[in-house]
Amino acid sequence: MLGWCACMFYFYSTRERSRNLPPVSDRPAQNGVQQVVVRKAFDGDSGRLADGREYRLVGIDTPEKGHRFADEARAYVKKMLEGRKVSLEAATEAKDRYSRILSWMWLEDGGEKRFVNEEIVRAGLAFVFKIKPNVRYIDRLIAAQRDARAAGRGVWSVPRKNVEEYYVVSIGLTHRPDCEKMIRARKKKVRCESFDEAVDAGAPPCRTCGP
Ligand SMILES: [Zn+2]
């Protein structure tokens with residue numbers, strides 16, 4: 001949720017839904033890991049648990065609703081997670097500003113332990129999103145992103161439009177050099193020689209300039 005309008009909508013709708021829930025601190029996690037059941041995937045990187053709380057998978061950014069591959073990302077996660085018991089490993093920050101549990105998610109599947117955040121990236125249905133301090137598995141996610149790109153999966157199956165001479169990483173996102181949002185923000189800018197180099201720094205594409 002990068003857009004301001006989307007943010008505000010999400011804030012209010014989340015607050016409404018969570019009004020009657022006990023605070024997260026009432027439910028102690030053992031070693032920062034808790035077993036939960038996923039009730040519903042809202043999109044590729046967030047959803048609701050059977051106990052009513054909401055989660056946000058850290059380290060990834062799936063395409064926003066209405067954008068290409070958003071439906072695929074949701075369908076993929078829905079099939080993998082809904083109704084399943086998973087382990088949530090707490091990120092360094094426990095919750096985001098919408099009170100969603102920030103998580104690295106693990107799924108037991110026939111004796112195999114699947115790392116959900118990583119699998120979504122490996123399927124080409126999310127970009128790596130590096131937000132400090134929640135960076136514990138970022139190197140694994142970047143390796144998965146390279147693998148998805150090399151195999152041409154999901155977002156990597158379509159050629160990039162209007163390729164730029166260079167890209168700019170700023171405010172945690174990858175931008176075209178003339179992105180007004182990036183220029184207006186007046187934050188640190190890092191020049192990258194290619195789109196791939198920029199996103200492999202953990203900066204997903206900006207939704208304003210759409211690189
Ligand atoms: Zn931009």
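Two strands pair if DSSP finds at least two bridges between them. Strands (E, at least two residues) and helices (H or I, at least four) are DSSP runs, numbered from the N terminus. This is a predicted model, in which local features need pLDDT of at least 70 and side-chain atom pairs count only at pLDDT 80 or more, while totals for chains, interfaces and linings use all residues. Residues are numbered from 1 along each chain as its sequence is written. The protein has 6 helices and 11 strands.

**Confidence and overall make-up**

- The average pLDDT of the protein is 88, and 85% of the residues score at least 70; pLDDT is the predictor's confidence in each residue, from 0 to 100.
- Residues 1–28 have a pLDDT below 50, and beyond near neighbours in sequence this stretch has 17 contacts in the model. Two residues are in contact if their C-beta atoms, placed from the backbone, lie within 7 Å.
- Where pLDDT is low, the predicted coordinates should not be read in detail.
- Of the 211 residues of the protein, 34% count as buried. A residue is buried if 20 or more other C-beta atoms lie within 10 Å of its own, exposed if 12 or fewer, and partly exposed in between, with C-beta atoms placed from the backbone.
- Among contacts between residues at least 6 apart in sequence, 62% join residues at least 24 apart.

- Strand β1 (residues 33–41) pairs with strand β2 (residues 46–49) in the antiparallel sense, over 3 bridges. Lys 40 has Arg 48 in β2 as its bridge partner.
- The hairpin that joins β1 to β2 runs through 4 residues.
- β2 and β3 run antiparallel and are joined by 3 bridges. Here Ser 46 stands opposite Arg 56 in β3.
- The hairpin of β2 and β3 has 4 residues between the strands, and Gly 52 in this hairpin takes a positive phi near 95°.

**Strand β6 and its partners**

- Strand β6 (residues 101–109) pairs with strand β3 (residues 54–57) in the parallel sense, over 3 bridges. Arg 56, which is opposite Ser 46, has Leu 102 as its bridge partner in β6.
- Strand β5 (residues 85–95) runs antiparallel to β6, and 6 bridges join the two. Ser 87 stands opposite Trp 106 in β6.
- In the hairpin of β5 and β6 there are 5 residues between the strands, and Ser 99 takes a positive phi near 65°.
- β6 also runs antiparallel to strand β7 (residues 112–115), to which 4 bridges join it. Asp 109 stands opposite Glu 112 in β7.
- The hairpin of β6 and β7 has 2 residues between the strands, and Gly 110 in the turn has a positive phi of about 60°.

**Tyr 98**

- Tyr 98 lies in the loop between β5 and β6.
- Tyr 98 counts as partly exposed because it has 17 C-beta neighbours inside 10 Å.
- Tyr 98 and Arg 56 are 42 residues apart along the chain, and their C-alpha atoms are separated by 9.6 Å.

**Helix α2**

- Helix α2 (residues 70–81) has 12 residues and reaches 16 Å from its first C-alpha to its last, close to the 16 Å expected at 1.5 Å a residue. The expected span is 1.5 Å times one less than the number of residues in the helix.
- The buried residues in α2 are Ala 73, Arg 74, Tyr 76, Val 77 and Leu 81. They lie on the same side of α2 because they cover an arc of only 160° around the axis, the arc being that of the directions from the helix axis to the C-beta atoms.
- An α-helix has 3.6 residues a turn, so residues three or four places apart point the same way.
- The cover over the buried residues of α2 includes β1, β5, β6 and α3 (116–122).
- Gly 83 follows α2 and has a positive phi, near 80°.

**The sheet of β9, β10 and β11**

- An open sheet of 3 strands has the order β10-β9-β11, with antiparallel pairing. Its edge strands are β10 (173–175) and β11 (190–192), each of which pairs on one side only.
- Strand β9 (residues 167–170) and β10 run antiparallel and are joined by 3 bridges. Val 169 has Thr 174 in β10 as its bridge partner.
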